[in-house]
Amino acid sequence: MGEAEFVRFDPLLPEAGAQAMLRLCERFGRYGTYAEEAIADDFGGGLAQRHDAAINFVRTGGRFGRRESVARLAARTNYFRETYAYDRPVVSGIEPFLYHEGFSLAARKIFGRPLVEPNIVYANLLVPGQELAVHTDVPEFRGISRKTDPQWLIVAMHHSRLFEGWRIPIATGVAWFGNPRGGEFVFYPEGSSKPPVALPVRHNTAILLDTDSIFHGVDRVREASAALPDLRPGVELVHAGEGRWRLERDGAVLAHYAWDDLRFSISWKAYCFADEAERRVVHEHSDDLGRDQVLETLVGDLRRRGRIGAARPADPELALAIIDEYIQYPPPASEPQASEVRAPAGKAAQPPRSEPKASEVRAPAGGRARR
Ligand SMILES: [Fe+2]
């Protein structure tokens, strides 16, 4: 677990480069929803991939404990996502972002690992009324990934801290282009029991942090009216030309938007290796974990904690025990206070440059992030 450090960028790119990201978003043109992937396998009795985050969102009503129907909460968090790079650019023009030197330098500094390997860039778009439930991202372990194992299990593995020797640290940069109303980036740099920081979203700024360890989410994008469009899976957000967007399903138009209505972010993820030997172990799979080993370790730990008895529970019960025991979500807060919507102390980074200054990398008092 890295310390809860983060680096901010203001600006991230020269303005022409930032405008190019907006044009790239338009050119890409069509965005589907980030509907949950199919259930990976039967372990857990068919829980959703992010059962942990979904159940917390529904149970608490989100960060502000708002009471709404499950269907409405699901619509709020059914945002739009497409991939701009996967190992290599998927769309031309993303190169200055994928290979951003400031991101790599900041990742080296925060993780203390010199080999930074950018691998994924994706766009998130939220329309008015949408928000992103508080969560930590799905980490990776050697031999365990979202391709083979349920996402809630991988998240719980990291929170248990029982498998850190196999974790592949991943740095995440999040950049914003455009100036939405609301949609603050909320994160908990001092741990889930301490107050969060709500960062207003401003054009051409970014933050880099360990989103696998630090709880984070997106506050609601301001809505002009209470009428949330029908945002069930299957809707698409489509660029309609001249900075206009529309929400579509099966060719029918459900809503119209201007750029200022939307919240557009681009995320950057990079593996952070200590050295070539570590990179080789990862790529050659010479010391991988297996599912049986993971479950045996967790069952042993749950027993030591008195959470389960001598007999191993049935899989669905075991799955819920794992989620409940290890993933400690932040409690919901009251409605936002003026003092809560604040920018963290510390100067913003100015990329590109040789090294982030010490003052720009902040570890809050209290040290390590508790998740
Ligand atoms: Fe995230």
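**Burial, core and pairing**

Modeller: Among the elements that cover the buried residues of helix α6 are α2 (51-60), α8 (291-304) and α9 (315-326). The model is predicted.

Colleague: Which residues of α6 are buried?

Modeller: They are Gln 151, Trp 152, Leu 153, Ile 154, Val 155, Ala 156, Met 157, His 158 and His 159. After α6 comes Arg 161, with a positive phi near 60 degrees.

Colleague: Why is Tyr 257 called partly exposed?

Modeller: Buried takes 20 or more neighbours and exposed takes 12 or fewer. Tyr 257 has 18 C-beta neighbours inside 10 Å, so it counts as partly exposed. Tyr 257 belongs to strand β14 (residues 252-258).

Colleague: What does Tyr 257 touch, leaving out residues up to four places away in sequence?

Modeller: Tyr 257 touches Val 127, Trp 245 and Leu 262, and contact here asks for C-beta atoms within 7 Å. Arg 244 lies 13 residues from Tyr 257 in sequence, with 6.0 Å between their C-alpha atoms.

Colleague: How many residues are in the largest nonpolar core, and which have the most contacts inside it?

Modeller: That core has 80 residues, and Ala 107, Leu 125, Ala 156 and Leu 208 have the most contacts inside it. Strand β15 (residues 263-273) gives the largest share of this core, 7 residues. To belong to such a core, a residue must be buried and of a nonpolar type, and be joined through C-beta atoms within 7 Å. Ala 107 touches Val 116, Ala 171, Leu 208, Ala 270 and Cys 272, not counting residues up to four places away in sequence. Over the whole chain of 371 residues, 40% count as buried.

Colleague: How do you know that strands β8 and β11 pair?

Modeller: Pairing needs at least two bridges. Strand β8 (residues 185-187) and strand β11 (residues 216-218) have 3 bridges, in the antiparallel sense. They are therefore a pair by that cut-off. Phe 185 stands opposite Val 218 in β11.

Colleague: What makes β6 and β9 edge strands?

Modeller: Their open sheet of 4 strands has the order β6-β11-β8-β9, with antiparallel pairing. Strands β6 (132-135) and β9 (197-199) each pair on one side only. From one strand to the next, the twist averages 15 degrees.

Key
Residues numbered from 1 in each chain as written. Predicted model: local features only at pLDDT ≥ 70, side-chain atom pairs only at ≥ 80, totals over all residues. Helix = DSSP H or I, 4+ residues; strand = E, 2+ residues; numbered from the N terminus. Contact = placed C-beta atoms within 7 Å. Axes fitted to C-alpha atoms, helices over the stretch in contact; angles between N-to-C directions.
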